[in-house]
Structure formats: C-alpha cells, structure tokens
Amino acid sequence: MSEQHCAQESHELRPHVPNVARMYDYFLGGKDNFAADRDAAEKIIAITREAGGDLRLLAREHRAFLGRVVRTLAGMGVRQYLDIGTGLPTKENVHEAAQQVTPDAHVVYVDNDPVVLVHARALLRDDRHTRIVEADLRDPAGIVDHPEVRAFIDFDRPVAVLLMAILPFITDEEDPGRIVRDLTARLPSGSHVAISHFCAAQTSPDLVQEAQNVYARTGPTGITLRSQEEILGLFDGLELLDPGVVPINAWRPDREEEAAPADFSRPSWLGGVARVP
C-alpha cells in the first residue's frame, strides 16, 4: 500500500501524525504504516530496549497470545467474539483463529479508529461470519446495544470479549476497571473476558515518561502504563482461568517445550482470561 493511496482513502487518516494501529503494524513487520508511524515506533523500540525489553519480539508474542486465547475459548465451546480495539488486520486475526476450531464462529470487530475501519471493512467485506462496527470502548452500552452487534451476537449465549492492548489507552480518569465491569455486567453467565495490558515493571520513571511523550502525539489520551497489581485489579469479580494474569509468553504455550517461567521483572505484556460468573 503506497502512502499516496492511503492518504487518498480518507482525510481522517492523517499520515503525518503517528497512529497507534499503524505503529503496532510496524512492530509486527507490516507495511501499512507511514514515515511518522515508523519514526514514533522506532523511538518506542529504543526506549523498550533501554529498559531491557525487545518490543518487536513482544509484539509477535502478543499476536501469538491472541491466537492461543481464541483457540482455547473456541475449544471450550465459545462461538461468539467481540474484539474491541481490534487494530489493523494482520496474520491470524480473531475470526481466522476461531474458525480453525469452530468454522461457524461469529466475530464482531469494534473500533473507533478510521484507519482500522477502512482496512477492516475492505478485508471483511465478503466474510459472512464477521462484522466491523464503529464504537468506543468508553461507552460499553453503545457497543453491546449497537444494532449491528445485536443482529449478529446472541446475548443469551456466552460471548468472549477481547480487550487486547486497548486498556492502556484508557486514562485513570476514565476508569478502565469501571469500563470492564460495565461490559461484563451486560454479558451472560459463562461468557469470558480476555485482557492484555503492557506493564512497565521496574522501568525507570524517566523512560516511562519518554514513552508517554511519544504516544501523546498519537491522540488525546496518550498511553497509561500500569503495575502488575493494577492490571490484576481489572479482573475483579471475574473467575480467572489458569495460569492467571502472567507475562503473555507464559500463558498456555502451544507446546510444553515453549513454556517460559513467568518473569515479572522486565517490561512486558501481561495477560489473562476470566469467566463471567
């Protein structure tokens, strides 16, 4: 995709302003990004390296974690998925992972980013088992009660809500814990919620501030990094599945030989899956 083509898609895409979804695409080695995204992403890669982490590796691990979560839930009989803050389509999207196990799985992708909406609608146009909906995580009722969501998801049956790498972009004032509670209160018993959230661990405050300064250029909320305890608190009132909230590479690896000890000392994505009681 050329920069000229993407710029023509929509005046809202703003190629000269770094975009979170396009930066993540760059972390994964994708090509749907602009110079502004690459510049910001390289700054974050350098900051993470100084803090003792490898952001490109973490991005790949995060994508693999998403696949394992979806396949695990599909194997437990879940047939419906709400992926909120979906990001740009890439390898093994939610519908692809779910349909490996249950070919009739229904997936609704939810985002409020025009960059994501343009790409996702083009990709999913001919897929009868998926939908893309414009809505904002800050309004859980607006998602669950959205006419397209209601037409496609049966809320009398279990639903898996995926909040992957989205809650760092919810400020403390917006209260991510309240948002999760509001969402889960609208789900039937037996539903599941999967959350991933970046944890700065023992990263110095100066490096954290540098990262926040970079992300402040991407939008009005920037990014909020939270502690292990704060991330665990997002699951309050839910029944965590084993192994709990851990670094994502330690969450149910596909093969026993890939199992890694849970190392909470380095900056990394923490993730977990919980059942709605």
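**Exercise 1. In what sense do strand 1 and strand 4 pair, and over how many bridges?**

Solution. This is a predicted model: local features need pLDDT of at least 70, side-chain atom pairs count only at pLDDT 80 or more, and totals for chains, interfaces and linings use all residues. Residues are numbered from 1 along each chain as its sequence is written, and side-chain values use heavy atoms, with hydrogens and water left out.

Step 1. Strands (E, at least two residues) and helices (H or I, at least four) are DSSP runs, numbered from the N terminus. Two strands pair if DSSP finds at least two bridges between them.

Step 2. Strand 1 and strand 4 pair in the parallel sense, over three bridges. Tyr81 has Ala160 of strand 4 as its bridge partner.

Step 3. Turn to strand 2. It runs parallel to strand 1, and five bridges join them. Here Gln80 is partnered by His106.

**Exercise 2. Find how many residues of strand 1 are buried, and on which faces.**

Solution. Step 1. Buried means under 20% relative accessible area, exposed over 50%, and partly exposed in between (1.4 Å probe, protein chains only).

Step 1. Count. Five of the five residues of strand 1 are buried.

Step 2. Sort them by face. In a regular strand the side chains alternate between the two faces of the sheet. Gln80, Leu82 and Ile84 are on one side, and Tyr81 and Asp83 are on the other. Both faces are covered.

**Exercise 3. Explain why the buried residues of helix 5 line one face.**

Solution. Step 1. List them. In helix 5 (residues 94–101), Val94, His95, Ala97 and Ala98 are buried.

Step 1. Look down the axis of helix 5. The buried residues fall within an arc of 165°, so they line one face of the helix. The arc is taken from the directions from the helix axis to the C-beta atoms.

Step 2. Recall the geometry. An α-helix has 3.6 residues a turn, so residues three or four places apart point the same way.

Step 3. Identify the cover. It includes helix 4 (55–75), strand 1 (80–84), strand 2 (106–111) and helix 6 (114–124). Strand 3 (130–134) and strand 4 (160–164) are also among the covering elements. Contact means heavy atoms within 4.5 Å.

**Exercise 4. Describe the nonpolar cores.**

Solution. Step 1. A nonpolar core is a set of buried Ala, Val, Leu, Ile, Met, Phe, Trp, Tyr and Cys residues joined through side-chain atoms within 4.5 Å.

Step 1. The largest core has 48 residues. Those with the most contacts inside it are Phe27, Ile44, Val69, Val70, Tyr81, Val94 and Leu162. Helix 4 gives the largest share of this core, nine residues.

Step 2. Take Val69. Not counting residues up to four places away in sequence, Val69 touches Leu162, Met164, Ala194, Trp251 and Val273.

Step 3. A second, separate core has 34 residues, including Leu167, Ile170, Leu238 and Val245.
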